[in-house]
Amino acid sequence: MSKQGVDQAQMALPIMRITLGWLYFSAMLRRVVNVPAKMNPSSSLYVGGKLITFIPHAWLISGILEYTILHPAFLFDFLVLWTVLEGVFGLFMMLGFMSRLSGLIIALLAWGIGLGAGWIGTTCLDEWQIAAVEGAAALVFVFAGSKWLSFDQLIAKKYPRGLKIGRWYLPLW
């Protein structure tokens, strides 16, 4: 690919980065701001109730889902952690801050949904779409980072090799 082609591909990344980040940041907003009852275990809208529908179809992690449902305090803590991760790393992705790490966390969140939901059939493909499309998009940032129109671009000017940890340089951007 020519240098011009690479530059054009890089210019598309901010659009994908902002969109992907918004999908995760807005998931946190929907649960915490728009419909706070989704985070209330006493509410019929509680997100934890949806996990029960995942169990018959869950791949590899059905035991983990069963444990969380049988231990409501752990389930609540798990959902709070999941929601915080979605919000923080969705915001980081939108801003282009630590894009590689944000991509990794978002990919793990996306694939976690896919593993939890399993194959639900032809009537409910949302979780599979999330796992496949958002997981793949997030993986792009794990390998490519995002130096266009991002905080990573500003940080990379000061630390072009990445953050130094011991003898190693960790390129988070």
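**Labels and the numbers behind them**

Guide: Let's start with a helix pair: α4 (residues 72-95) packs with α5 at an angle of about 140°, and their axes lie 9 Å apart.

Visitor: Why is α4 called oblique to α5, then?

Guide: Angles under 35 degrees count as roughly parallel, over 145 as roughly antiparallel, 65 to 115 as roughly perpendicular, and the rest as oblique. The value of about 140° therefore makes α4 oblique to α5. The axes are lines fitted to C-alpha atoms, for helices over the stretch in contact, with angles from 0 to 180 degrees between N-to-C directions.

Before we go on, a word on the source: this is a predicted model, where local features need pLDDT of at least 70 and side-chain atom pairs count only at pLDDT 80 or more, while totals for chains, interfaces and linings use all residues. Residues are numbered from 1 along each chain as its sequence is written, and side-chain values use heavy atoms, with hydrogens and water left out.

Visitor: What makes the relation between α5 and α6 parallel or antiparallel?

Guide: The axes of α5 and α6 cross at roughly 160° and come within 7 Å. Against the antiparallel cut-off of over 145, α5 and α6 are therefore roughly antiparallel to each other.

Visitor: How many helices and strands does the protein have, and what counts as one?

Guide: There are seven helices and two strands, in the order α-α-α-α-α-α-α-β-β from the N terminus on. Helices (H or I, at least four residues) and strands (E, at least two) are DSSP runs, numbered from the N terminus.

Visitor: Now burial. How do you know whether Pro-14 is buried or exposed?

Guide: Buried means under 20% relative accessible area, exposed over 50%, and partly exposed in between (1.4 Å probe, protein chains only). Pro-14 sits in helix α1, and its 5% relative accessibility makes it buried. Across the protein, buried residues make up 37% of the 173 residues.

Visitor: Why is Pro-41 called partly exposed?

Guide: Pro-41 has a relative accessible area of 49%, so it counts as partly exposed. Pro-41 belongs to the loop between α1 (3-34) and α2 (48-54). Its C-alpha lies 9.4 Å from that of Leu-75, 34 residues away along the chain.

Visitor: What about Gly-145, buried or exposed?

Guide: At 0% relative accessibility, Gly-145 is buried. Gly-145 is in the loop between α6 and α7 (151-158), and 9.6 Å separates the C-alpha atoms of Gly-145 and Phe-97, which are 48 residues apart in sequence.

Visitor: What makes Met-98 worth a stop?

Guide: Met-98 has a positive phi of about 55° although it is not a glycine. Met-98 lies in the loop between α4 and α5, and with a relative accessible area of 17% it falls under the burial limit, so it is buried.

Visitor: How do you know that Glu-86 and Arg-31 form a salt bridge?

Guide: The rule asks for a side-chain nitrogen of Lys or Arg within 4 Å of a carboxyl oxygen of Asp or Glu. Between Glu-86 and Arg-31 the closest N and O atoms are 1.9 Å apart, and a salt bridge is formed. The pair links distant parts of the chain, with Glu-86 in helix α4 and Arg-31 in helix α1, 55 residues apart. Both Glu-86 and Arg-31 are buried. By this rule, the count is one salt bridge.

Visitor: Which residues form the nonpolar patch, and what makes it a patch?

Guide: Leu-104, Leu-108, Trp-111, Leu-139 and Phe-143 form it on the surface, with about 490 Å² of accessible area together. Patches are made of residues with over 30% relative accessible area and no salt bridge; nonpolar side chains (Val, Leu, Ile, Met, Phe, Trp, Tyr) are joined within 5 Å, like charges within 9 Å. The areas come from the Shrake-Rupley method with a 1.4 Å probe, and for residues only the protein chains shown count as cover.
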